[in-house]
Amino acid sequence: MSISKFCSIETRQIGEPLAGTAPYAKHFVLITWPKKYWQYDALESKGGFPTGLKKWMKSQSAISGKVSVRLVSRKELNNESVDIYIYPEKICYLNIKPEKIFGVLNSHFINECSLKNIPKIIKKDQILVCTHGRHDKCCAKFGQELAENLRDQLKDQQDKIEVFDSSHLGGHRFAPTMIDFPSGSSYGHLTSSEIPDYLESRKQGMVYAEAYRGSVFLHDLIQVAEAYAQRFRYSKKWNCQVKISDLESLNEENFMCVASFNSVKNCILKQSEIPYELKLKFKLKGYKGPSGCNSINQSKLRKCWELDTHLPENIM
């Protein structure tokens, strides 16, 4: 029996890997809606939120590739109109009446131009922190603290970055969970004490690999490999971009790939000091732990990918 009341603490103690657990989608749709109206299933929220959006999301995914709809909130919101943000397109539709949401989304996804709803470019970066307490109490406890501390540390950059409370982002056992747009970098178990390191990595155009789950725009094994390669890059203090190629499934429990490391402008190290490529191999390993706070004493076996390559230590 677990001695913890929170699945996030239990998962951290078990050591389940973060790499490759980001919630993948080809399209992310963010809709503003006051958090006080959110239900366990956010797309069934109250306060006049339109019904049927979950069904629409499923049917549109079959046409356009996976579409993920999330609700976002901040203090000054009301339910008279919504803003809709769409990634990776990085466009938004502002001041939309709730009953017009379906029309705007349908027009967008069939590329139909509407003079009534002209998209605008999203000018600010947006950080989403899951604080969806009705879905899991870890998100309320750990997510709310992180969101508030992020806002406090970014108060001098409000013209460039905004922090939203978000509905469920997947993997509440990794709470607090977070997605940084437009990059799509997903994080878990990010503590308030790590915010300065995260923001410094972000400033350098790098992911903060210590809490990195992966890119929400990378699918399946590529996401796993990229996340582990980022962790290795971070451990070496390399300021470089990571790219995964030559991915090959060896069998059901092993795969391999090539990770490329390309230095960026203003990097202290020269490219000659960073290995251009490394071959990486991965294996599946089982982890037994809770799926959520409501089932804290009901363990679930998950198969997670782990790095199965001895990485060189004698390089910079």
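Strand β2, residues 67–73, is mostly covered: seven of its seven residues are buried. This is a predicted model. In a regular strand, side chains alternate between the two faces of the sheet. Both faces of β2 are covered. Val67, Val69, Leu71 and Ser73 are buried on one side. Ser68, Arg70 and Val72 are buried on the other.

The partner to look at next is strand β1, residues 27–32. β1 and β2 pair in the parallel sense, over six bridges. Within this pairing, phenylalanine 28 stands opposite serine 68 of β2.

Now move to an open sheet of four strands. Its order is β11-β12-β13-β14, and the pairing is antiparallel. The edge strands are β11 (240–251) and β14 (300–307), each of which pairs on one side only. From one strand to the next, the twist averages 30 degrees. Inside the sheet, seven bridges join β12 (residues 254–263) to β13 (residues 277–289). Here methionine 256 stands opposite lysine 281 in β13. Helix α6, residues 220–235, lies across β11, β12, β13 and β14. α6 runs at about 135 degrees to β11.

The axes of α4 (residues 137–153) and α5 (residues 195–203) come within 11 Å and cross at roughly 60 degrees. The two helices are therefore oblique to each other. The crossing of α4 past α5 is right-handed. α4 contributes Leu146, Asn149, Leu150 and Gln153 to the contact. α5 contributes Ile195, Pro196, Tyr198 and Leu199. By class, the contact of α4 with α5 has six nonpolar and two polar residues, with no charged ones.

Conventions: Residues are numbered from 1 along each chain as its sequence is written. This is a predicted model: local features need pLDDT of at least 70, side-chain atom pairs count only at pLDDT 80 or more; totals for chains, interfaces and linings use all residues. Side-chain values use heavy atoms; hydrogens and water are left out. Axes are lines fitted to C-alpha atoms, for helices over the stretch in contact, and angles run from 0 to 180 degrees between N-to-C directions. Angles under 35 degrees count as roughly parallel, over 145 as roughly antiparallel, 65 to 115 as roughly perpendicular and the rest as oblique. A crossing is left-handed if the near helix is turned anticlockwise from the far one by less than a right angle, and right-handed if clockwise. Contact means heavy atoms within 4.5 Å. Ala, Val, Leu, Ile, Met, Phe, Trp, Tyr, Cys and Pro count as nonpolar, Asp, Glu, Lys and Arg as charged, and the others, Gly among them, as polar. Buried means under 20% relative accessible area, exposed over 50%, partly exposed in between (1.4 Å probe, protein chains only). Two strands pair if DSSP finds at least two bridges between them.
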